[in-house]
Amino acid sequence: MTVKETAEPVNREINQLQLLIQKMAGLESRYDPGISMLRSPFSSPGYHTTLKQAEFVHSTRDSLSYALGLLDTGLARYEQRAFDIIRQVISLQDTDRSHDTFGIWSWFYEEPLQQMAPPDWNWADFCGSRLVQAIARHGHRFPDGLREAMIHSIDYACEAIIKRNVGPDYTNIAIIGAFVTRIAGEQLGREDYAVYGLERLRKLHAHTMKHGAFQEYNSPVYTYIAILELSKLQAETTDSVVKELTGELLDLTWKTVAGYYHPATAQWSGPHSRCYGSLLNDQSKAFLQLATGGAVRFFPWEELPYEEEWYKSGIHCPPAYLEGFTVPEKKEIRQLLQGDGQDGSGKWAVTYLTPAVSIGSFTHSDLWNQRRPLLIYADNHGQPAYIRLRCLHDGYDYCSARFKSLQEAGHLLFGVDFITDGGDTHPNLDRTGGIIEAADLRLRLEVGGCLNGITAGPTDEGASIVVGGTEFILTTWFAAFSGHGGAVRSWAWEIDRAEDIINIDMILYTGPRKSIDFTSLQQAALVFSLEVQPEEEEGVHAEPVLEMTDDGGLRVNGSGGRDGEFLLHLRPGTAE
(Lines give C-alpha, C1' and ligand atoms only; values in the text may rest on other atoms or scores of the structure.)
Protein backbone atom coordinates (compact mmCIF):
# COMPACT_ATOMS: atom_id res chain seq x y z
CA MET A 1 0.00 0.00 0.00
CA THR A 2 1.24 3.47 -0.82
CA VAL A 3 -0.21 6.85 0.06
CA LYS A 4 0.31 9.71 -2.38
CA GLU A 5 1.83 12.90 -1.01
CA THR A 6 -0.87 14.95 -2.70
CA ALA A 7 -4.59 14.77 -2.15
CA GLU A 8 -5.25 15.03 -5.88
CA PRO A 9 -6.35 11.83 -7.64
CA VAL A 10 -3.60 10.68 -9.96
CA ASN A 11 -5.68 8.75 -12.51
CA ARG A 12 -8.65 10.73 -13.70
CA GLU A 13 -9.09 8.57 -16.79
CA ILE A 14 -9.05 5.03 -15.43
CA ASN A 15 -9.98 2.52 -18.11
CA GLN A 16 -12.86 0.88 -16.29
CA LEU A 17 -14.10 -0.81 -19.46
CA GLN A 18 -10.83 -2.71 -19.72
CA LEU A 19 -11.02 -3.63 -16.03
CA LEU A 20 -14.59 -4.88 -16.58
CA ILE A 21 -13.59 -7.00 -19.57
CA GLN A 22 -10.77 -8.53 -17.51
CA LYS A 23 -13.23 -9.26 -14.72
CA MET A 24 -15.65 -11.00 -17.08
CA ALA A 25 -12.83 -13.08 -18.54
CA GLY A 26 -11.88 -14.12 -15.01
CA LEU A 27 -15.43 -15.38 -14.36
CA GLU A 28 -15.53 -17.47 -17.53
CA SER A 29 -14.67 -20.74 -15.79
CA ARG A 30 -17.53 -20.31 -13.32
CA TYR A 31 -20.26 -20.07 -15.93
CA ASP A 32 -22.42 -23.20 -16.08
CA PRO A 33 -24.00 -23.46 -19.55
CA GLY A 34 -26.18 -26.39 -18.47
CA ILE A 35 -28.05 -24.18 -16.01
CA SER A 36 -27.26 -20.78 -17.57
CA MET A 37 -26.09 -19.37 -14.25
CA LEU A 38 -22.87 -18.51 -12.48
CA ARG A 39 -21.50 -21.17 -10.14
CA SER A 40 -20.00 -20.19 -6.77
CA PRO A 41 -18.51 -22.05 -3.82
CA PHE A 42 -21.22 -22.43 -1.18
CA SER A 43 -21.05 -20.21 1.87
CA SER A 44 -23.73 -19.33 4.39
CA PRO A 45 -24.18 -16.79 7.20
CA GLY A 46 -26.09 -19.47 9.12
CA TYR A 47 -29.59 -18.15 8.49
CA HIS A 48 -32.18 -18.02 5.65
CA THR A 49 -30.71 -20.94 3.71
CA THR A 50 -31.21 -24.51 4.91
CA LEU A 51 -28.40 -25.84 2.74
CA LYS A 52 -25.56 -27.28 4.80
CA GLN A 53 -23.34 -29.56 2.78
CA ALA A 54 -23.41 -28.14 -0.77
CA GLU A 55 -20.01 -27.65 -2.36
CA PHE A 56 -21.19 -25.29 -5.09
CA VAL A 57 -24.38 -23.28 -5.69
CA HIS A 58 -25.82 -21.07 -8.42
CA SER A 59 -26.70 -17.66 -6.97
CA THR A 60 -29.57 -15.70 -8.47
CA ARG A 61 -28.12 -12.32 -7.47
CA ASP A 62 -24.57 -13.09 -8.57
CA SER A 63 -25.80 -14.51 -11.88
CA LEU A 64 -27.73 -11.33 -12.66
CA SER A 65 -24.67 -9.22 -11.74
CA TYR A 66 -22.63 -11.34 -14.13
CA ALA A 67 -25.23 -10.95 -16.90
CA LEU A 68 -25.25 -7.16 -16.47
CA GLY A 69 -21.46 -7.12 -16.56
CA LEU A 70 -21.46 -9.14 -19.78
CA LEU A 71 -23.82 -6.65 -21.41
CA ASP A 72 -21.84 -3.68 -20.12
CA THR A 73 -18.71 -4.87 -21.95
CA GLY A 74 -20.53 -4.16 -25.23
CA LEU A 75 -18.99 -7.32 -26.70
CA ALA A 76 -21.32 -9.17 -29.07
CA ARG A 77 -19.92 -12.56 -28.06
CA TYR A 78 -21.36 -12.16 -24.55
CA GLU A 79 -24.84 -11.02 -25.54
CA GLN A 80 -26.59 -14.37 -25.89
CA ARG A 81 -25.11 -15.68 -22.65
CA ALA A 82 -26.44 -12.64 -20.80
CA PHE A 83 -29.89 -13.17 -22.32
CA ASP A 84 -29.85 -16.84 -21.30
CA ILE A 85 -28.91 -15.98 -17.71
CA ILE A 86 -31.59 -13.31 -17.34
CA ARG A 87 -34.25 -15.58 -18.84
CA GLN A 88 -33.28 -18.35 -16.42
CA VAL A 89 -33.22 -16.17 -13.29
CA ILE A 90 -36.54 -14.52 -14.19
CA SER A 91 -38.07 -17.99 -14.31
CA LEU A 92 -37.10 -18.53 -10.66
CA GLN A 93 -39.07 -15.53 -9.33
CA ASP A 94 -42.28 -16.18 -7.38
CA THR A 95 -45.08 -14.84 -9.61
CA ASP A 96 -48.05 -16.09 -7.58
CA ARG A 97 -49.74 -13.11 -5.91
CA SER A 98 -51.38 -15.38 -3.35
CA HIS A 99 -47.94 -16.13 -1.84
CA ASP A 100 -46.26 -14.00 0.81
CA THR A 101 -43.08 -14.40 -1.24
CA PHE A 102 -44.60 -12.93 -4.42
CA GLY A 103 -42.00 -10.92 -6.33
CA ILE A 104 -38.86 -12.31 -4.68
CA TRP A 105 -36.29 -14.94 -5.50
CA SER A 106 -34.52 -17.64 -3.55
CA TRP A 107 -30.81 -17.21 -2.97
CA PHE A 108 -29.83 -20.27 -4.96
CA TYR A 109 -31.05 -22.34 -7.92
CA GLU A 110 -30.54 -25.41 -5.70
CA GLU A 111 -32.95 -24.19 -3.00
CA PRO A 112 -36.56 -23.21 -3.86
CA LEU A 113 -38.17 -20.39 -1.90
CA GLN A 114 -40.38 -22.75 0.08
CA GLN A 115 -37.29 -24.55 1.37
CA MET A 116 -35.65 -21.41 2.79
CA ALA A 117 -36.12 -20.70 6.49
CA PRO A 118 -37.18 -17.97 6.13
CA PRO A 119 -36.96 -16.57 2.58
CA ASP A 120 -35.06 -13.30 2.22
CA TRP A 121 -37.35 -10.48 1.05
CA ASN A 122 -34.27 -8.37 0.26
CA TRP A 123 -33.92 -10.40 -2.92
CA ALA A 124 -36.68 -8.36 -4.59
CA ASP A 125 -34.35 -5.38 -4.10
CA PHE A 126 -31.07 -7.06 -5.01
CA CYS A 127 -32.27 -8.91 -8.09
CA GLY A 128 -34.63 -6.13 -9.11
CA SER A 129 -31.79 -3.60 -9.13
CA ARG A 130 -29.78 -5.65 -11.62
CA LEU A 131 -32.78 -6.06 -13.93
CA VAL A 132 -33.58 -2.34 -13.76
CA GLN A 133 -30.00 -1.45 -14.69
CA ALA A 134 -30.01 -3.97 -17.53
CA ILE A 135 -33.17 -2.56 -19.05
CA ALA A 136 -32.08 1.05 -18.53
CA ARG A 137 -28.71 0.53 -20.22
CA HIS A 138 -29.44 -2.23 -22.71
CA GLY A 139 -33.20 -2.50 -23.14
CA HIS A 140 -32.94 -1.88 -26.89
CA ARG A 141 -30.73 -4.95 -27.29
CA PHE A 142 -33.15 -7.50 -25.83
CA PRO A 143 -35.40 -9.69 -27.97
CA ASP A 144 -39.00 -8.51 -27.65
CA GLY A 145 -40.18 -11.56 -25.71
CA LEU A 146 -37.38 -11.35 -23.17
CA ARG A 147 -37.80 -7.61 -22.77
CA GLU A 148 -41.50 -8.10 -21.96
CA ALA A 149 -40.63 -10.81 -19.46
CA MET A 150 -38.10 -8.46 -17.81
CA ILE A 151 -40.71 -5.70 -17.52
CA HIS A 152 -43.12 -8.10 -15.82
CA SER A 153 -40.36 -9.31 -13.49
CA ILE A 154 -39.42 -5.73 -12.55
CA ASP A 155 -43.10 -4.97 -11.93
CA TYR A 156 -43.37 -7.92 -9.56
CA ALA A 157 -40.20 -6.89 -7.71
CA CYS A 158 -41.49 -3.32 -7.35
CA GLU A 159 -44.80 -4.58 -5.98
CA ALA A 160 -42.97 -6.68 -3.38
CA ILE A 161 -40.73 -3.75 -2.41
CA ILE A 162 -43.66 -1.36 -2.03
CA LYS A 163 -45.71 -3.87 -0.06
CA ARG A 164 -42.84 -4.49 2.35
CA ASN A 165 -42.09 -0.76 2.62
CA VAL A 166 -39.00 -0.85 4.85
CA GLY A 167 -38.21 2.24 6.93
CA PRO A 168 -35.23 4.59 6.64
CA ASP A 169 -33.46 2.87 9.53
CA TYR A 170 -32.84 -0.15 7.28
CA THR A 171 -30.36 1.92 5.33
CA ASN A 172 -29.13 -0.26 2.50
CA ILE A 173 -32.46 -1.82 1.63
CA ALA A 174 -34.12 1.59 1.90
CA ILE A 175 -31.64 2.87 -0.70
CA ILE A 176 -31.82 -0.13 -3.04
CA GLY A 177 -35.62 -0.24 -2.89
CA ALA A 178 -35.73 3.49 -3.73
CA PHE A 179 -33.37 2.83 -6.63
CA VAL A 180 -35.42 -0.05 -8.07
CA THR A 181 -38.77 1.72 -7.84
CA ARG A 182 -37.55 5.15 -8.94
CA ILE A 183 -35.57 3.97 -11.97
CA ALA A 184 -38.25 1.43 -12.90
CA GLY A 185 -40.76 4.28 -12.79
CA GLU A 186 -38.62 6.44 -15.05
CA GLN A 187 -37.78 3.65 -17.50
CA LEU A 188 -41.20 2.00 -17.71
CA GLY A 189 -43.35 5.11 -17.50
CA ARG A 190 -44.83 4.06 -14.15
CA GLU A 191 -45.53 7.26 -12.25
CA ASP A 192 -46.65 5.31 -9.18
CA TYR A 193 -43.27 3.60 -8.90
CA ALA A 194 -41.39 6.85 -9.51
CA VAL A 195 -43.38 8.75 -6.86
CA TYR A 196 -42.89 5.96 -4.32
CA GLY A 197 -39.14 5.81 -4.99
CA LEU A 198 -38.72 9.54 -4.54
CA GLU A 199 -40.76 9.56 -1.32
CA ARG A 200 -38.70 6.69 0.08
CA LEU A 201 -35.52 8.58 -0.75
CA ARG A 202 -36.91 11.73 0.93
CA LYS A 203 -37.62 9.78 4.14
CA LEU A 204 -34.10 8.30 4.13
CA HIS A 205 -32.61 11.73 3.53
CA ALA A 206 -34.60 13.34 6.37
CA HIS A 207 -33.81 10.51 8.80
CA THR A 208 -30.10 10.49 7.99
CA MET A 209 -29.64 14.25 8.07
CA LYS A 210 -31.46 14.46 11.41
CA HIS A 211 -29.11 11.92 12.99
CA GLY A 212 -26.03 13.02 11.06
CA ALA A 213 -25.24 9.44 10.09
CA PHE A 214 -26.70 6.21 8.76
CA GLN A 215 -28.19 3.73 11.22
CA GLU A 216 -25.32 1.28 10.60
CA TYR A 217 -22.85 3.87 11.83
CA ASN A 218 -19.30 3.82 10.48
CA SER A 219 -19.71 0.29 9.11
CA PRO A 220 -17.15 -0.43 6.37
CA VAL A 221 -19.32 -3.02 4.64
CA TYR A 222 -22.65 -1.19 4.91
CA THR A 223 -21.23 2.26 4.15
CA TYR A 224 -19.66 0.81 1.02
CA ILE A 225 -23.04 -0.52 -0.11
CA ALA A 226 -24.74 2.79 0.70
CA ILE A 227 -22.20 4.76 -1.35
CA LEU A 228 -22.42 2.34 -4.26
CA GLU A 229 -26.22 2.22 -4.40
CA LEU A 230 -26.66 5.99 -3.92
CA SER A 231 -24.09 6.55 -6.67
CA LYS A 232 -26.00 4.21 -9.00
CA LEU A 233 -29.25 6.04 -8.29
CA GLN A 234 -27.61 9.40 -8.94
CA ALA A 235 -26.04 8.13 -12.16
CA GLU A 236 -29.18 6.49 -13.58
CA THR A 237 -31.90 9.02 -12.67
CA THR A 238 -32.95 11.88 -14.91
CA ASP A 239 -34.68 13.73 -12.05
CA SER A 240 -32.93 16.79 -10.57
CA VAL A 241 -34.54 16.33 -7.12
CA VAL A 242 -33.28 12.75 -6.89
CA LYS A 243 -29.81 13.90 -7.93
CA GLU A 244 -29.84 16.62 -5.26
CA LEU A 245 -30.96 14.28 -2.45
CA THR A 246 -28.48 11.54 -3.38
CA GLY A 247 -25.74 14.16 -3.73
CA GLU A 248 -26.29 15.43 -0.19
CA LEU A 249 -26.33 11.92 1.24
CA LEU A 250 -23.18 10.99 -0.65
CA ASP A 251 -21.41 14.14 0.54
CA LEU A 252 -22.27 13.32 4.17
CA THR A 253 -21.12 9.72 3.73
CA TRP A 254 -17.81 10.52 2.05
CA LYS A 255 -17.09 13.12 4.74
CA THR A 256 -17.52 10.35 7.33
CA VAL A 257 -15.33 7.87 5.46
CA ALA A 258 -12.54 10.39 4.94
CA GLY A 259 -12.79 11.49 8.57
CA TYR A 260 -12.29 7.95 9.87
CA TYR A 261 -9.59 6.86 7.43
CA HIS A 262 -6.23 6.44 9.14
CA PRO A 263 -3.48 7.08 6.57
CA ALA A 264 -0.58 5.50 8.46
CA THR A 265 -2.30 2.11 8.75
CA ALA A 266 -4.55 2.47 5.66
CA GLN A 267 -7.46 1.31 7.80
CA TRP A 268 -10.99 2.51 8.50
CA SER A 269 -10.96 3.62 12.14
CA GLY A 270 -13.46 2.22 14.62
CA PRO A 271 -15.79 1.87 16.29
CA HIS A 272 -17.81 -0.15 13.76
CA SER A 273 -21.50 -0.90 14.28
CA ARG A 274 -21.29 -3.74 11.74
CA CYS A 275 -18.12 -5.33 10.46
CA TYR A 276 -17.08 -8.68 8.99
CA GLY A 277 -13.34 -8.37 9.52
CA SER A 278 -10.94 -6.23 11.53
CA LEU A 279 -8.76 -5.30 8.55
CA LEU A 280 -9.99 -3.95 5.23
CA ASN A 281 -10.48 -6.68 2.64
CA ASP A 282 -9.35 -6.43 -0.97
CA GLN A 283 -12.78 -5.33 -2.18
CA SER A 284 -12.81 -2.39 0.23
CA LYS A 285 -9.24 -1.43 -0.67
CA ALA A 286 -9.99 -1.56 -4.39
CA PHE A 287 -13.17 0.46 -3.90
CA LEU A 288 -11.29 3.21 -2.04
CA GLN A 289 -8.52 3.24 -4.63
CA LEU A 290 -11.02 3.58 -7.47
CA ALA A 291 -13.19 6.16 -5.69
CA THR A 292 -10.21 8.35 -4.75
CA GLY A 293 -8.74 8.09 -8.23
CA GLY A 294 -5.57 6.58 -6.83
CA ALA A 295 -5.00 9.09 -4.01
CA VAL A 296 -4.68 5.90 -1.97
CA ARG A 297 -3.26 2.99 -3.87
CA PHE A 298 -3.16 -0.66 -2.83
CA PHE A 299 -2.82 -2.37 -6.23
CA PRO A 300 -1.30 -1.71 -9.63
CA TRP A 301 -4.24 -0.53 -11.74
CA GLU A 302 -4.01 -3.51 -14.07
CA GLU A 303 -4.29 -5.85 -11.05
CA LEU A 304 -7.14 -4.03 -9.31
CA PRO A 305 -9.74 -6.61 -8.12
CA TYR A 306 -12.55 -4.86 -9.98
CA GLU A 307 -16.23 -5.56 -9.28
CA GLU A 308 -18.60 -5.55 -12.25
CA GLU A 309 -21.23 -3.52 -10.41
CA TRP A 310 -18.83 -0.58 -10.16
CA TYR A 311 -19.01 -0.02 -13.90
CA LYS A 312 -20.92 3.18 -14.76
CA SER A 313 -21.93 3.55 -11.11
CA GLY A 314 -20.26 6.94 -10.83
CA ILE A 315 -18.51 6.24 -7.53
CA HIS A 316 -16.08 9.01 -6.63
CA CYS A 317 -14.93 10.75 -3.49
CA PRO A 318 -15.56 14.51 -3.64
CA PRO A 319 -12.24 16.36 -4.05
CA ALA A 320 -12.89 18.30 -0.83
CA TYR A 321 -12.44 15.09 1.20
CA LEU A 322 -9.44 13.54 -0.54
CA GLU A 323 -7.06 15.14 1.96
CA GLY A 324 -8.54 12.96 4.71
CA PHE A 325 -7.11 9.90 2.97
CA THR A 326 -3.60 11.28 2.62
CA VAL A 327 -2.75 13.78 5.36
CA PRO A 328 -2.21 12.41 8.89
CA GLU A 329 -3.61 14.54 11.69
CA LYS A 330 -4.43 14.54 15.37
CA LYS A 331 -8.15 14.84 16.11
CA GLU A 332 -11.08 13.52 18.11
CA ILE A 333 -14.49 12.68 16.60
CA ARG A 334 -17.64 12.48 18.74
CA GLN A 335 -20.93 11.47 17.13
CA LEU A 336 -24.25 11.12 18.95
CA LEU A 337 -26.00 8.03 17.57
CA GLN A 338 -29.07 7.61 19.78
CA GLY A 339 -30.84 9.31 22.66
CA ASP A 340 -30.17 12.59 24.40
CA GLY A 341 -26.74 14.12 24.23
CA GLN A 342 -27.28 16.23 27.35
CA ASP A 343 -28.72 13.96 30.04
CA GLY A 344 -26.20 11.11 29.79
CA SER A 345 -28.58 8.68 28.10
CA GLY A 346 -27.18 9.09 24.61
CA LYS A 347 -25.15 6.51 22.76
CA TRP A 348 -21.98 8.04 21.35
CA ALA A 349 -19.21 6.95 19.05
CA VAL A 350 -15.82 8.37 20.02
CA THR A 351 -12.65 8.15 17.97
CA TYR A 352 -9.22 9.60 18.66
CA LEU A 353 -6.69 9.70 15.83
CA THR A 354 -3.01 10.59 15.80
CA PRO A 355 -0.55 9.99 12.97
CA ALA A 356 0.42 6.68 14.63
CA VAL A 357 -2.81 5.29 16.13
CA SER A 358 -6.58 5.44 16.05
CA ILE A 359 -8.72 4.44 19.04
CA GLY A 360 -12.47 4.04 18.67
CA SER A 361 -15.23 3.09 21.12
CA PHE A 362 -18.99 3.17 21.61
CA THR A 363 -20.32 4.36 24.94
CA HIS A 364 -22.40 1.17 25.04
CA SER A 365 -22.81 -1.88 22.84
CA ASP A 366 -23.19 -5.62 22.84
CA LEU A 367 -20.23 -7.82 21.90
CA TRP A 368 -21.74 -9.56 18.85
CA ASN A 369 -19.09 -10.80 16.46
CA GLN A 370 -20.12 -8.15 13.90
CA ARG A 371 -19.55 -5.29 16.37
CA ARG A 372 -16.28 -3.50 17.03
CA PRO A 373 -17.12 -1.42 20.13
CA LEU A 374 -13.45 -1.16 21.10
CA LEU A 375 -11.09 -1.08 18.15
CA ILE A 376 -7.56 0.26 17.87
CA TYR A 377 -5.31 0.51 14.83
CA ALA A 378 -1.60 1.15 15.29
CA ASP A 379 1.20 1.79 12.84
CA ASN A 380 3.67 -1.07 13.13
CA HIS A 381 6.54 0.37 11.11
CA GLY A 382 4.43 0.93 8.01
CA GLN A 383 2.04 -2.00 8.45
CA PRO A 384 -1.28 -2.11 10.31
CA ALA A 385 -1.83 -3.87 13.63
CA TYR A 386 -5.15 -3.90 15.47
CA ILE A 387 -6.45 -4.47 19.00
CA ARG A 388 -10.08 -5.44 19.63
CA LEU A 389 -12.09 -6.55 22.66
CA ARG A 390 -14.08 -9.80 22.61
CA CYS A 391 -16.02 -12.00 25.04
CA LEU A 392 -15.85 -15.64 24.00
CA HIS A 393 -18.22 -18.48 24.91
CA ASP A 394 -16.49 -21.69 23.84
CA GLY A 395 -14.45 -19.72 21.35
CA TYR A 396 -17.32 -17.73 19.76
CA ASP A 397 -18.35 -14.16 20.51
CA TYR A 398 -20.96 -13.97 23.27
CA CYS A 399 -23.74 -11.44 22.59
CA SER A 400 -25.06 -11.27 26.15
CA ALA A 401 -21.82 -9.67 27.30
CA ARG A 402 -22.38 -5.92 27.35
CA PHE A 403 -19.81 -3.17 26.86
CA LYS A 404 -19.84 0.37 28.30
CA SER A 405 -17.13 2.99 28.15
CA LEU A 406 -15.85 6.51 28.64
CA GLN A 407 -13.19 7.82 26.27
CA GLU A 408 -11.23 11.05 26.25
CA ALA A 409 -8.52 11.17 23.59
CA GLY A 410 -6.23 8.17 24.19
CA HIS A 411 -7.71 7.34 27.62
CA LEU A 412 -10.38 4.63 27.58
CA LEU A 413 -12.24 3.39 30.66
CA PHE A 414 -14.57 0.48 29.99
CA GLY A 415 -16.65 -2.14 31.70
CA VAL A 416 -18.27 -5.45 30.81
CA ASP A 417 -21.38 -6.90 32.43
CA PHE A 418 -23.93 -9.52 31.42
CA ILE A 419 -27.63 -9.53 30.57
CA THR A 420 -30.05 -12.41 31.04
CA ASP A 421 -32.47 -11.70 28.17
CA GLY A 422 -29.99 -11.47 25.30
CA GLY A 423 -28.64 -13.87 22.70
CA ASP A 424 -25.68 -16.20 22.54
CA THR A 425 -24.20 -15.96 19.02
CA HIS A 426 -26.72 -13.38 17.73
CA PRO A 427 -28.36 -10.44 19.57
CA ASN A 428 -31.87 -11.90 19.31
CA LEU A 429 -32.04 -15.09 17.23
CA ASP A 430 -30.81 -17.47 19.96
CA ARG A 431 -31.79 -16.00 23.31
CA THR A 432 -30.24 -17.80 26.27
CA GLY A 433 -32.75 -17.12 29.05
CA GLY A 434 -29.69 -16.28 31.13
CA ILE A 435 -28.30 -19.85 31.13
CA ILE A 436 -25.58 -21.28 28.89
CA GLU A 437 -23.70 -24.55 28.66
CA ALA A 438 -19.99 -23.84 28.50
CA ALA A 439 -16.56 -25.34 28.84
CA ASP A 440 -14.93 -21.93 28.51
CA LEU A 441 -15.86 -18.28 29.01
CA ARG A 442 -13.30 -15.50 28.74
CA LEU A 443 -12.62 -11.88 27.87
CA ARG A 444 -10.00 -11.31 25.21
CA LEU A 445 -7.97 -8.45 23.87
CA GLU A 446 -7.06 -9.74 20.43
CA VAL A 447 -3.98 -8.31 18.73
CA GLY A 448 -3.79 -8.98 15.00
CA GLY A 449 -2.50 -7.69 11.69
CA CYS A 450 1.24 -7.27 11.35
CA LEU A 451 2.74 -8.74 14.54
CA ASN A 452 6.42 -8.18 13.71
CA GLY A 453 8.17 -6.74 16.73
CA ILE A 454 5.03 -6.45 18.85
CA THR A 455 5.56 -7.26 22.50
CA ALA A 456 2.83 -8.15 25.00
CA GLY A 457 3.39 -9.03 28.62
CA PRO A 458 1.66 -9.08 32.00
CA THR A 459 2.02 -6.30 34.55
CA ASP A 460 1.07 -6.21 38.23
CA GLU A 461 -2.22 -4.49 37.33
CA GLY A 462 -2.94 -5.87 33.86
CA ALA A 463 -0.86 -6.01 30.70
CA SER A 464 1.32 -3.95 28.39
CA ILE A 465 1.28 -4.05 24.56
CA VAL A 466 3.93 -2.26 22.50
CA VAL A 467 3.30 -1.68 18.79
CA GLY A 468 5.93 0.26 16.88
CA GLY A 469 6.81 3.14 19.17
CA THR A 470 3.50 3.12 21.02
CA GLU A 471 2.69 1.40 24.31
CA PHE A 472 -0.86 0.48 25.32
CA ILE A 473 -1.39 -0.09 29.03
CA LEU A 474 -4.26 -2.32 30.15
CA THR A 475 -5.27 -1.98 33.81
CA THR A 476 -7.79 -4.03 35.77
CA TRP A 477 -9.75 -1.93 38.30
CA PHE A 478 -12.50 -4.37 39.28
CA ALA A 479 -13.27 -7.99 38.43
CA ALA A 480 -15.99 -10.24 39.81
CA PHE A 481 -17.56 -13.43 38.53
CA SER A 482 -18.76 -15.00 41.76
CA GLY A 483 -21.41 -17.43 42.87
CA HIS A 484 -20.59 -19.98 40.18
CA GLY A 485 -18.85 -23.18 41.20
CA GLY A 486 -15.55 -23.65 39.42
CA ALA A 487 -15.16 -20.02 38.38
CA VAL A 488 -11.60 -18.79 38.23
CA ARG A 489 -10.88 -16.05 40.75
CA SER A 490 -7.33 -15.13 39.81
CA TRP A 491 -7.82 -12.07 37.62
CA ALA A 492 -4.45 -12.01 35.91
CA TRP A 493 -4.39 -11.71 32.11
CA GLU A 494 -2.94 -14.73 30.29
CA ILE A 495 -1.00 -14.07 27.10
CA ASP A 496 -0.80 -16.58 24.26
CA ARG A 497 1.08 -15.81 21.09
CA ALA A 498 0.20 -17.78 17.97
CA GLU A 499 1.59 -17.36 14.46
CA ASP A 500 -0.92 -14.73 13.34
CA ILE A 501 -2.56 -13.50 16.56
CA ILE A 502 -1.76 -12.51 20.13
CA ASN A 503 -4.48 -13.31 22.65
CA ILE A 504 -4.55 -11.49 25.98
CA ASP A 505 -7.21 -13.35 27.97
CA MET A 506 -8.97 -13.00 31.30
CA ILE A 507 -10.53 -16.41 31.97
CA LEU A 508 -13.89 -16.38 33.72
CA TYR A 509 -14.37 -20.13 33.55
CA THR A 510 -12.58 -23.04 31.93
CA GLY A 511 -13.03 -26.70 32.72
CA PRO A 512 -15.61 -29.49 32.30
CA ARG A 513 -18.64 -28.44 30.28
CA LYS A 514 -21.35 -27.27 32.66
CA SER A 515 -24.25 -24.91 33.03
CA ILE A 516 -23.55 -21.27 33.88
CA ASP A 517 -26.70 -19.63 35.23
CA PHE A 518 -26.25 -15.87 35.03
CA THR A 519 -29.56 -15.32 36.83
CA SER A 520 -28.05 -16.81 39.98
CA LEU A 521 -24.62 -15.15 39.87
CA GLN A 522 -24.04 -12.85 42.81
CA GLN A 523 -21.63 -10.60 40.95
CA ALA A 524 -20.50 -10.55 37.32
CA ALA A 525 -18.91 -7.30 36.22
CA LEU A 526 -15.45 -6.12 35.22
CA VAL A 527 -13.86 -2.68 34.86
CA PHE A 528 -10.65 -1.85 32.98
CA SER A 529 -8.78 0.99 31.37
CA LEU A 530 -6.73 0.96 28.19
CA GLU A 531 -4.50 3.91 27.52
CA VAL A 532 -2.03 5.01 24.89
CA GLN A 533 1.28 5.69 26.53
CA PRO A 534 3.60 7.63 24.20
CA GLU A 535 7.24 7.53 25.11
CA GLU A 536 7.26 11.20 26.13
CA GLU A 537 4.54 10.74 28.79
CA GLU A 538 4.94 9.27 32.23
CA GLY A 539 2.93 6.17 33.06
CA VAL A 540 0.45 7.64 35.54
CA HIS A 541 -2.95 5.93 35.69
CA ALA A 542 -5.67 7.81 37.56
CA GLU A 543 -7.91 5.43 39.43
CA PRO A 544 -11.64 5.52 38.60
CA VAL A 545 -14.18 5.83 41.39
CA LEU A 546 -16.37 2.73 41.83
CA GLU A 547 -19.60 2.91 43.81
CA MET A 548 -22.08 0.16 44.65
CA THR A 549 -25.67 1.32 44.19
CA ASP A 550 -28.68 0.35 46.30
CA ASP A 551 -30.30 -1.54 43.42
CA GLY A 552 -27.34 -3.84 42.75
CA GLY A 553 -25.47 -1.75 40.23
CA LEU A 554 -21.86 -0.66 39.93
CA ARG A 555 -21.42 3.03 39.12
CA VAL A 556 -18.10 3.78 37.44
CA ASN A 557 -16.90 7.39 37.52
CA GLY A 558 -14.04 8.36 35.29
CA SER A 559 -10.98 10.35 36.22
CA GLY A 560 -7.65 11.23 34.70
CA GLY A 561 -9.06 12.62 31.48
CA ARG A 562 -12.11 10.29 31.38
CA ASP A 563 -14.94 12.50 32.57
CA GLY A 564 -18.42 11.08 33.07
CA GLU A 565 -19.80 7.83 34.39
CA PHE A 566 -21.50 4.60 33.37
CA LEU A 567 -23.52 2.03 35.27
CA LEU A 568 -22.98 -1.73 35.15
CA HIS A 569 -25.18 -4.58 36.39
CA LEU A 570 -23.17 -5.92 39.31
CA ARG A 571 -25.61 -8.82 39.28
CA PRO A 572 -26.73 -9.88 35.76
CA GLY A 573 -30.15 -8.57 34.80
CA THR A 574 -32.29 -7.69 31.84
CA ALA A 575 -31.18 -5.19 29.22
CA GLU A 576 -32.11 -1.58 29.87
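Analyst: **Strand E13 and its partners**

Strand E12 (residues 374-380) pairs with E13 in the antiparallel sense, over six bridges. Two strands count as paired if DSSP finds at least two bridges between them; strands (E, at least two residues) and helices (H or I, at least four) are DSSP runs numbered from the N terminus. This is a predicted model, in which local features need pLDDT of at least 70 and side-chain atom pairs count only at pLDDT 80 or more, while totals for chains, interfaces and linings use all residues. Residues are numbered from 1 along each chain as its sequence is written, and side-chain values use heavy atoms, with hydrogens and water left out.

E13 covers residues 383-393. It also runs antiparallel to strand E17 (residues 435-449), and nine bridges join the two. Here tyrosine 386 has glycine 448 of E17 as its bridge partner. A further antiparallel partner is strand E14 (residues 396-397), joined to E13 by two bridges. Histidine 393 is bridged to tyrosine 396 in E14. E13 and E14 again make a hairpin with two residues between them, and aspartate 394 in this turn has a positive phi of about 50 degrees.

How many residues of E13 are buried? The count is 10 of 11, so the strand is mostly covered. Buried means under 20% relative accessible area, exposed means over 50%, and partly exposed lies in between, with a 1.4 Å probe and protein chains only. In a regular strand the side chains alternate between the two faces of the sheet.

Next, the salt bridges. The structure holds 29 of them, each being a side-chain nitrogen of Lys or Arg within 4 Å of a carboxyl oxygen of Asp or Glu. One of them joins aspartate 440 and arginine 442 at 2.8 Å, N to O, and both residues are buried. Another joins lysine 232 and glutamate 309 at 3.1 Å. That pair spans 77 residues, from helix H8 (residues 220-236) to the loop between strand E7 (296-297) and strand E8 (331-338). Lysine 232 is buried at a relative accessible area of 1%. Arg130, Glu229, Lys232 and Glu309 are linked in a network of salt bridges.

Last, the helix packing. Helix H4 (residues 123-138) packs against helix H6 (residues 171-188) at an angle of about 35 degrees, with the axes 9 Å apart. Axes are lines fitted to C-alpha atoms, for helices over the stretch in contact, and angles run from 0 to 180 degrees between N-to-C directions. Phe126, Val132 and Ile135 are among the H4 residues that meet H6, whose side includes Ile176, Phe179 and Ile183; contact means heavy atoms within 4.5 Å.
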